[in-house]
Amino acid sequence: QVQLVESGGGLVQPGGSLRLSCAAFGDLYSITIMGWYRQAPGKGRELVSSISRALNTNYADSVKGRFTISRDNAQSAQSTVYLQMNSLEPEDTAVYYCFATPNLLRIDNWGQGTQVTVAS
């Protein structure tokens, strides 16, 4: 079983920055991919970014060049993924959910979600 604990998020003005963190604990042997989805009000869940155990990264077109994902696998019983968000736009306003999974086709491990609001 895997537990995910998110932190970060909040209210920021357009053009500002935020950093999200997500720590994964538990049975991490099968976890190869970690990342973030987001869900804006009235919209479906969108894959924002993912990072593999080998540190290969992917980004949604809407965040390329503004968001950076990174991962810390230094501890055997814990893995932490970060999402550095720069040049934030009102369109980035959403609840951001961390995930950890063996593959992207079926994700069973989710964080509790953290609100990011970009507004002046």
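This is a predicted model: local features need pLDDT of at least 70, side-chain atom pairs count only at pLDDT 80 or more; totals for chains, interfaces and linings use all residues.

Where is the place of serine 62, and what is serine 62 in contact with, leaving aside its neighbours within four places in sequence?

Author: Serine 62 has its place in the loop between β6 (57-59) and β7. Leaving aside neighbours within four places in sequence, serine 62 is in contact with Arg38 and Glu46. With arginine 38 there is also a polar contact, made from side chain to side chain at 3.4 Å. Valine 48 is 14 residues away from serine 62 along the chain, and the C-alpha atoms of these two are separated by 8.3 Å.

For a contrast, let us turn to another serine. Serine 21 is found in strand β3. Its relative accessible area is 16%, which is under the 20% limit, so serine 21 is buried. Not counting residues up to four places away in sequence, serine 21 touches Val5, Glu6, Ser7, Trp36, Val81 and Tyr82.

Beyond residues up to four places away in sequence, valine 81 touches Leu20, Ser21, Cys22, Met34, Trp36, Ile51, Ile69, Ser70, Arg71 and Cys98. Valine 81 also belongs to the largest nonpolar core, which has 28 residues. Val81 is listed among the residues with the most contacts inside that core, together with Leu4, Trp36, Phe67, Leu83, Met85 and Tyr96. Several strands give two or more residues to this core, including β1 (2-7), β3 (18-26), β4 (33-39), β7 (67-72), β8 (78-85) and β9 (94-101).

The structure holds 1 disulfide, and cysteine 22 and cysteine 98 form it, with their sulfur atoms 2.0 Å apart. Cysteine 22 lies in strand β3 and cysteine 98 in strand β9, so this pair ties together parts that are 76 residues apart in sequence. The torsion about their S-S bond is about -80 degrees, which means that the disulfide is left-handed. Cysteine 22 has a relative accessible area of 0% and so is buried; cysteine 98, at 0% relative accessibility, counts as buried too.

Definitions and conventions. Residues are numbered from 1 along each chain as its sequence is written. Side-chain values use heavy atoms; hydrogens and water are left out. A nonpolar core is a set of buried Ala, Val, Leu, Ile, Met, Phe, Trp, Tyr and Cys residues joined through side-chain atoms within 4.5 Å. Buried means under 20% relative accessible area, exposed over 50%, partly exposed in between (1.4 Å probe, protein chains only). Helices (H or I, at least four residues) and strands (E, at least two) are DSSP runs, numbered from the N terminus. Contact means heavy atoms within 4.5 Å. A polar contact is a pair of N or O atoms within 3.5 Å; within protein, one must be able to donate a hydrogen and the other to accept it, and residues adjacent in sequence count only if both atoms are side-chain atoms. A disulfide is a pair of cysteine sulfur atoms within 2.5 Å.
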